[in-house]
Amino acid sequence: MTAAAAPVAVITGAASGIGAATAVALATSGYRVGIGSFAGDPHDPERTLAAVRQAGGDGAVIEVDVRDTASVEGFVEQAVQRWGRLDTAIANAGILRAAPFAAMTDDQWGDVLSVDLHGVMRTARAAVRHLGAGGSIVAVSSIAGGVYGWGEHAHYATAKAGVIGLVRSLAVEFGPRGIRANAIIPGLIETPQSLDAVNSLGPEGLRQAGGYIPAGRVGRPEEVAAVAAFLAGAGASYVSGQAIIVDGALTVAMRD
Ligand code: NAD
């Protein structure tokens with residue numbers, strides 16, 4: 001693949017976790033990657049860029065706040081201006097907040113929806129304006145909402161269920177233009193989000209989960225990233241409108 005022909009991907013929330021691993025997976029597959037960096041994130045996006053370069057790839061750190069339409073459009077446009085094309089958008093950014101439903105405020109509800117559902121919409125909308133035939137969108141859903149309900153996380157599960165309806169609709173609307181849209185439904189993956197014991201399982205909860213997940217352990221970000229890279233690329237040229245579960249068989253196991 002010549003440098004001029006190398007495809008271009010943008011990834012939101014790429015300073016850590018699944019997003020960082022996906023940047024590296026796409027770089028390994030030959031993409032030039034726009035590494036979405038959120039100012040409120042304590043992780044250093046330059047580490048993702050260094051890992052992309054280590055993998056022999058090319059990338060750039062670009063700021064993006066998916067709660068803001070202008071920011072998302074600027075993010076995508078910077079990548080297009082830099083590299084002259086866009087082939088894939090990975091809508092990965094997400095937040096998780098525990099909140100009992102009866103006491104949940106409109107702001108709590110709205111904050112999570114603004115990132116986890118509207119942020120995916122904004123990313124996909126900005127991307128489809130630049131994608132051509134062969135282009136793809138991959139959005140990150142969750143087993144919470146994508147498969148299960150989750151007490152005290154109704155806003156999160158609602159957003160993640162919505163992501164699936166969104167990619168199905170995009171697959172239908174943009175299929176005739178040769179653009180595909182899919183979702184990934186990760187199970188329990190060890191990242192800063194799941195290691196947060198206040199809003200998620202935390203280290204001890206993840207350790208215990210290894211006891212009931214058939215795979216015997218929680219997942220690694222790279223194991224989700226590999227599926228994202230597959231869905232993004234030509235190897236998945238006839239896969240669209242789907243939501244692929246990556247969970248070590250967690251959701252098919254009968255607990256006894
Ligand atoms: P993470 O916290 O490492 O990554 C989330 C990323 O989103 C961070 O880089 C953060 O900076 C970014 N982000 C947050 N708010 C943003 C905003 N307003 N604008 C732009 N970026 C923003 O955790 P992760 O687990 O890698 O999460 C990646 C995705 O995977 C999320 O959508 C998450 O909900 C989903 N997910 C994770 C798991 C899991 O077990 N870790 C399971 C299912 C789904």
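Biologist: Hi! How many helices and strands does the chain have?

Modeller: The chain has nine helices and seven strands. Both are DSSP runs numbered from the N terminus, with at least four residues (H or I) for helices and at least two (E) for strands. This is a predicted model, where local features need pLDDT of at least 70, side-chain atom pairs count only at pLDDT 80 or more, and totals for chains, interfaces and linings use all residues. Residues are numbered from 1 along each chain as its sequence is written, and side-chain values use heavy atoms, leaving out hydrogens and water.

Biologist: Thanks! In what order do the strands sit in the sheet?

Modeller: The order is β3-β2-β1-β4-β5-β6-β7, in an open sheet of seven strands with parallel pairing. Two strands pair if DSSP finds at least two bridges between them. At the edges are β3 (58-63) and β7 (243-246), each pairing on one side only.

Biologist: And how many bridges join β2 and β3?

Modeller: Six bridges, in the parallel sense, with β2 covering residues 32-37. Ile35 stands opposite Val61 in β3.

Biologist: Which strands does helix α1 lie across?

Modeller: Helix α1 (residues 17-28) lies across β1 (8-11), β2, β4 (88-91) and β6 (180-186), and runs at about 175 degrees to β1. Helix α5 (residues 118-128) also packs on the sheet, touching β4 and β5 (136-140), and its direction makes about 175 degrees with that of β4. Axes here are lines fitted to C-alpha atoms, for helices over the stretch in contact, with angles from 0 to 180 degrees between N-to-C directions.

Biologist: Switching topic: what does UniProt list for residues 7-191?

Modeller: The UniProt record has "domain: Ketoreductase" there, from an unreviewed entry. UniProt annotations may be inferred rather than shown by experiment. In the model, residues 7-191 are 45% helix and 17% strand, with the end C-alpha atoms 27 Å apart.

Biologist: Is Thr191 buried or exposed?

Modeller: Thr191 is buried, with a relative accessible area of 9%. Buried means under 20%, exposed over 50%, and partly exposed in between, using a 1.4 Å probe and protein chains only. Thr191 lies in the loop between β6 and α8 (202-209).

Biologist: Which residues is Thr191 in contact with?

Modeller: Leaving aside neighbours within four places in sequence, Thr191 is in contact with Gly17, Ile18 and Pro221. Contact means heavy atoms within 4.5 Å.

Biologist: Last one: how much of the whole chain is buried?

Modeller: Of the 256 residues, 51% count as buried.
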